[in-house]
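Please look over the sequence and the model shown below before reading on.

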Amino acid sequence: MSKFDFRKLSDFRKFVPEMGKALHFGKSTQQFYDAVVAERGPRERASVEKYLSTPFKGITTDGNIVPDLFALRSERAPTREILQAVSALLAQLSPEQRKAACLSLESRDRELWQNSIARYENFGLRLDEVPAVLREAAMAVVSASLSAAGYEKTRNLMKLNAFLGELVGAPLLLGEWSYQLHIFGEPSLTEPWGWQISGHHLIVTCFVLGEQMTLTPTFMGAEPRYADAGKYAGTVAFEDEERLGLDFARNLSAEQKRKAIFSDSLLPDRLPPGRHQGVDGLILGGRHKNNAIIPYEGICGAELGPQQRQTLLDLTQCYLSTLPSGPLAARMDDVERHFVQTHFCWAGGLDDDSAFYYRIQSPVVMIEFDHQKGVVLNNPEPKKFHTHTIVHTPNGNDFGRDLLRLHYETAPHHQAAQHHHSHGGHAHSHQRPHDRD
């Protein structure tokens, strides 16, 4: 049983729609899609087209990529175990399932991640539409790629999604397996490839290159973030992320708080103009914003004392610890190396019941935590039982893209191919334009 105080569980119950009254009640994924596509579909297509009209660049503070932040190196990633798991999965897929699940490494589909209940593109291996043996094989890929804690957290969010489905009578739409898996590129011990699992409140993007790997963007959320009854009673998420974030903000000095806190409220009409992101709340790095310009804000690492520094590092590690031990150690080394440039900002209250937002941002990591208003539940204002978090690698290395660039520039066989193609009268590009139906 979690150390979470389940005596406080009544707070989300008063916002649960009366059974049968929720928009989602009784609907399958297709039925929900059909119900909302007329209103949301054109807006979604316009957003996708706008995003795809420009090449991937990555999140920056001013529109310019900071160079030479990332390097090809061995991080002791469990590549062999991941490859064994994905090979076992692929061996069980039919030709039709392979076609749906396997995309080229150059495909931009993984950039179109979104935290939607119903996807607007029909692709991937749908885990709720395949036999249990295939679900287990797909999740074995995820398990082999993450730390034990990261995999447990992933499964807990899937279970909390099912709990939400139970609350509103929508088990087909909001289920434990309402997720899809993609494989990008040809799985290999030495060449670049990756996978992505995506669905409501869970998107994990894995890129593998030799013994090196990345896991960003990662979006994790829950509404509510704990289950007080039913099959998954006792499941809880985001305890450390919430507690350590609040502890860090509370322990800032008065002068540090003046620098770090940009608003004492999350409500749109009490925020600086243009600050609220609509359905994304205060999160600036949401869907279709992989190229966003997000200036530094708040207090910087150079202004922190030793204990504050350690608390902020511990908080950062909460998010990066989805990585296996080798890549985690390498990533935390990167974070510490750029700590004086790390910034922390905050919005919301500092009381036990206050909803809040915070962002940790440096040249090599950007983390956002946000309490949200109800989407399936009915709370009109942000509450602590609905949480969204997101982790990006800024300056061009989301999706492992900067590592991929370095690989193409330095691997002898790619250099030879580049030489051959250029002398054959046409340039060879590893960033082919994305072709969508």
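Two strands are said to pair if DSSP finds at least two bridges between them, where strands (E, at least two residues) and helices (H or I, at least four residues) are DSSP runs numbered from the N terminus. This is a predicted model, in which local features need pLDDT of at least 70, side-chain atom pairs count only at pLDDT 80 or more, and totals for chains, interfaces and linings use all residues. Residues are numbered from 1 along each chain as its sequence is written, and side-chain values use heavy atoms, with hydrogens and water left out.

Strand β3 (residues 179–184) is joined by bridges to the strands listed here.

| Strand | Bridges to β3 | Direction |
|---|---|---|
| β1 (residues 102–103) | two bridges | parallel |
| β2 (residues 125–126) | two bridges | antiparallel |
| β4 (residues 193–199) | six bridges | antiparallel |

Within these pairings, L103 stands opposite F184 of β3, L125 has L181 as its bridge partner, and Q180 stands opposite S198 in β4.

Six of the six residues of β3 are buried, so the strand is largely enclosed by the rest of the structure; buried means under 20% relative accessible area, exposed over 50%, and partly exposed in between, with a 1.4 Å probe and protein chains only. In a regular strand, side chains alternate between the two faces of the sheet. Here Y179, L181 and I183 point one way from β3, while Q180, H182 and F184 point the other way.

Turning to helix α3 (residues 79–92), its buried residues are T79, I82, L83, A85, V86, L89 and L90. Seen down the axis of α3, these buried residues fall within an arc of 165 degrees, so they line one face of the helix, the arc being that of the directions from the helix axis to the C-beta atoms. On the other side of α3, R80, Q84 and A91 are exposed.
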